[in-house]
Amino acid sequence: MTRVRFLRPDGALDREVEAAAGTNLLDLAQANGQPLEGSCEGAMACSTCHVIVASDDFNSLPSASEEEDDLLDLAAHVTRTSRLACQLTLSADMDTLTVRMPGSAYHLDR
Ligand code: FES
């Protein structure tokens, strides 16, 4: 099992969950009430599923593909540690992965 901490845009902890290795981060986020859109099934069709990865965790992730980097260039509120959640698969060596929701993920009524 891998623990994932989901942070709100202001950095406050929203929730911490456990998931099996092999779980897709976007699926886990959506199943746990995180305000991320996207359902490309891995085909990279949007930039609305991006999250900001904690810098300590970012370097231990597999590198983004050129196609992922290109899509991130289209997204708002991207930082140097942003990744598309749909492209991240949890592995045991990620424990504990911490990701923050970008400001654009929250609607004005939240
Ligand atoms: S769901 Fe956004 S690129 Fe895959």
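Two strands are taken to pair if DSSP finds at least two bridges between them, and helices (H or I, at least four residues) and strands (E, at least two) are DSSP runs numbered from the N terminus. The model is predicted, with local features requiring pLDDT of at least 70 and side-chain atom pairs counted only at pLDDT 80 or more, whereas totals for chains, interfaces and linings use all residues. Residues are numbered from 1 along each chain as its sequence is written, and side-chain values use heavy atoms, with hydrogens and water left out.

Strand β1 (residues 2–7) pairs with strand β2 (residues 13–19) in the antiparallel sense through 6 bridges. In this arrangement, A19 of β2 lies opposite T2. The hairpin formed by β1 and β2 has 5 residues between the strands, and G11 adopts a positive phi near 95° there. Strand β1 is also joined to strand β5 (residues 97–100) by 4 bridges, the two running parallel; T98 in β5 is the bridge partner of R5. Elsewhere, strand β3 (residues 50–53) and β4 form an antiparallel pair over 3 bridges, in which R83 of β4 stands opposite V51.

The 5 strands make up an open sheet of mixed pairing, in the order β2-β1-β5-β3-β4. From one strand to the next, the twist averages 35°, with axes being lines fitted to C-alpha atoms, for helices over the stretch in contact, and angles running from 0 to 180 degrees between N-to-C directions.

A nonpolar core is defined as a set of buried Ala, Val, Leu, Ile, Met, Phe, Trp, Tyr and Cys residues joined through side-chain atoms within 4.5 Å, where buried denotes under 20% relative accessible area, exposed over 50%, and partly exposed in between (1.4 Å probe, protein chains only). The largest such core has 26 residues, of which V4, F6, L25, V51, L90, L97 and V99 touch the most other members. Two or more residues of this core come from each of β1, β2, α1 (25–31), β3, α3 (66–72) and β5, and α1 gives the most, with 4 residues. Contact (heavy atoms within 4.5 Å) links L97 to R3, V4, R5, L25, V53, D57, L61 and L90, neighbours within four places in sequence being left aside.

A64 is located in the loop between α2 (55–58) and α3. Its relative accessibility is 24%, so A64 counts as partly exposed. Excluding residues up to four places away in sequence, A64 touches D69 and R83. The C-alpha atoms of A64 and L84 are separated by 8.6 Å, the two residues being 20 residues apart along the chain.
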